[in-house]
Amino acid sequence: DIHKTVERHPFIMRLFQEKMSKREYSHYLHCLLVIYHSLETGLEKHAEHEAIAPIYYKELFRVDSLEKDLQVLNKEVNLSSACPCALFFAQHLHSKK
């Protein structure tokens, strides 16, 4: 199944085995930050919507933690400088209203 396929991907295996370089891991977190920022902005905007309200838990938001992790890794946090794929996906999420 797809879950097993993803688990066996070389990137995920390096992540789980803690064999990523600091640079790779920082890049990964930076991409996640951009995507989570877009997701969380949308959730906040629609928090009272009947489909969102039951699953809206601000304590599950990840942006603050990702920013702190990137600071510890001495990675400058700039949402506009992430990889093109993350920026494209974040823009796609943002465009859905």
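**View 1. R62, a partly exposed residue.** R62 has a relative accessibility of 37% and so counts as partly exposed. The model is predicted, so local features need a pLDDT of at least 70 and side-chain atom pairs count only at pLDDT 80 or more, while totals for chains, interfaces and linings use all residues. Residues are numbered from 1 along each chain as its sequence is written, and side-chain values use heavy atoms, with hydrogens and water left out. To find R62, look in the loop between α3 (22-45) and α4 (63-72). Helices are DSSP runs of H or I with at least four residues, strands are runs of E with at least two, and both are numbered from the N terminus. Which residues does R62 touch, not counting those up to four places away in sequence? They are Y36 and E40, where contact means heavy atoms within 4.5 Å. R62 and L33 are 29 residues apart along the chain, yet a distance of 7.8 Å separates their C-alpha atoms.

**View 2. Helix α3 and its buried residues.** Several α3 residues are buried, among them L29, H30, C31, L33, V34 and I35. The cover over the buried residues of α3 includes α4 and α5 (84-95).

View 3. S26 sits in helix α3. Is S26 buried or exposed? With a relative accessible area of 5%, S26 is buried. Leaving out residues up to four places away in sequence, S26 touches L70, L73 and K75.

**View 4. An aromatic cluster of F11, Y25 and Y28.** These three residues form one aromatic cluster. Rings of Phe, Tyr and Trp (its six-membered ring) pair if their centres lie within 6.5 Å; planes under 30 degrees apart count as stacked, over 60 as edge-to-face, and the rest as tilted. How many aromatic pairs does a search of the whole structure find? The search finds three. The F11 and Y28 rings are an edge-to-face pair, because their centres are 5.2 Å apart and their planes stand at 65°. This pair links distant parts of the chain, with F11 in helix α2 (residues 10-16) and Y28 in helix α3, 17 residues apart. Y28 also pairs with Y25, this time in a tilted arrangement with 6.4 Å from centre to centre and 40° between the planes. Y25 and Y28 are three residues apart in helix α3, so about one helical turn separates them. An α-helix has 3.6 residues a turn, so residues three or four places apart point the same way. F11 is partly exposed at 25%, as are Y28 at 24% and Y25 at 31%.

**View 5. Two salt bridges.** A search of the whole structure finds two salt bridges, each a side-chain nitrogen of Lys or Arg within 4 Å of a carboxyl oxygen of Asp or Glu. One joins the side chains of R14 and E24, at 2.7 Å from N to O. R14 is in helix α2 and E24 in helix α3, ten residues apart, and the pair links distant parts of the chain. Both partners are partly exposed, R14 at 28% and E24 at 27%. K58 forms a salt bridge with E44, their closest N and O atoms being 2.2 Å apart. Because K58 lies in the loop between α3 and α4 and E44 in helix α3, this pair ties together parts that are 14 residues apart in sequence. K58 is partly exposed at 45%, and E44 is too at 39%.

View 6. A disulfide is a covalent bond between the sulfur atoms of two cysteines. Counting pairs of cysteine sulfur atoms within 2.5 Å gives zero disulfides. C83 is buried, with 18% relative accessible area, whereas C85 is exposed at 64%.

Methods
Buried < 20%, exposed > 50% of the residue type's maximum accessible area, 1.4 Å probe, protein only.
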